[in-house]
Amino acid sequence: MVVWLDGDLGAGKTTLVRALLRARHHAGPVRSPTYTLVEIYVISRIYWYHFDFYRFNFPEEFLDAGLAEYFRDDAICLVEWPEKAAGYVPLPDLVVRFQFAERGRLLGVFASSVEGKECLKALQSGWPDAAS
Ligand SMILES: Nc1ncnc2c1ncn2[C@@H]1O[C@H](COP(=O)(O)OP(=O)(O)OP(=O)(O)O)[C@@H](O)[C@H]1O
Ligand SMILES: [Mg+2]
């Protein structure tokens with residue numbers, strides 16, 4: 001599963017990843033991958049990879065850093081600043097768009113694959129107030 005997290009600086013991308021990992025009972029720290037490019041978590045044999053490409057000067061740095069091999073079937077890849085690796089980072093199953101709101105943030109979730117649509121459906125069924 002590839003999830004692009006699309007929002008301005010400080011929009012809440014890392015905060016959402018932290019909440020997702022906490023919801024999967026990860027108790028340790030969840031740090032921003034701004035300097036490390038990727039932070040790795042293994043929870044119940046599922047690999048969670050949290051990327052941040054903000055510091056890329058060129059999209060080709062995605063290949064130079066050897067990041068393509070992380071995008072496997074048994075992994076959940078959460079990507080901040082995917083546009084900085086445009087043309088190289090795999091296309092998403094889901095896109096989460098963040099907007100600043102009067103209080104907190106507004107999130108839009110968009111599915112762009114069969115798996116992404118299933119995931120969105122499951123999210124909606126557990127979240128009755130969510131707009132379709
Ligand atoms: N839903 C929210 N409501 C209120 N504050 C929030 C929310 N989400 C995040 N914040 C706050 O906004 C700040 C920035 O959040 P965060 O680091 O998650 O942003 P980011 O999108 O990952 O930014 P960057 O692009 O710099 O990595 C933090 O102080 C965080 O506590
Ligand atoms: Mg961040």
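Which residues make a nonpolar surface patch of about 260 Å²? Ile40, Val42 and Tyr47 do. Val42 sits in strand E2, residues 38-43.

Some ground rules. This is a predicted model, where local features need pLDDT of at least 70 and side-chain atom pairs pLDDT 80 or more, while totals for chains, interfaces and linings use all residues. Residues are numbered from 1 along each chain as written, chains are lettered from A and ligands numbered from 1 in written order, and side-chain values use heavy atoms, without hydrogens and water.

Patch residues have over 30% relative accessible area and no salt bridge, with nonpolar side chains joined within 5 Å. A salt bridge puts a Lys or Arg side-chain nitrogen within 4 Å of an Asp or Glu carboxyl oxygen. Areas are Shrake-Rupley, 1.4 Å probe. Strands are DSSP runs of at least two residues, helices of at least four.

Now the metal. Thr14 (OG1) and Glu80 (OE) coordinate the magnesium ion, ligand 2, at 2.1 to 2.2 Å. Thr14 is in helix H1 and Glu80 in strand E4, so the pair ties together parts 66 residues apart in sequence. Donors are N, O and S atoms within 2.8 Å of the metal (3.2 Å for Na, K and Ca); water is absent, so sites may look incomplete.

Next, ligand 1. It has 13 residues around it, with a heavy atom within 4 Å. Lys13 has a polar side-chain atom 2.7 Å from a ligand 1 oxygen. For Gly10, a polar backbone atom is 2.9 Å from an oxygen of ligand 1. The protein covers 58% of the 640 Å² of accessible area that ligand 1 has on its own. H1 gives the largest share of the shell, 3 residues.

Methods: Patch = residues over 30% accessible without salt bridge, like charges linked within 9 Å, V, L, I, M, F, W, Y side chains within 5 Å. Polar contact = N/O pair within 3.5 Å; in protein donor to acceptor, adjacent residues only side chain to side chain.
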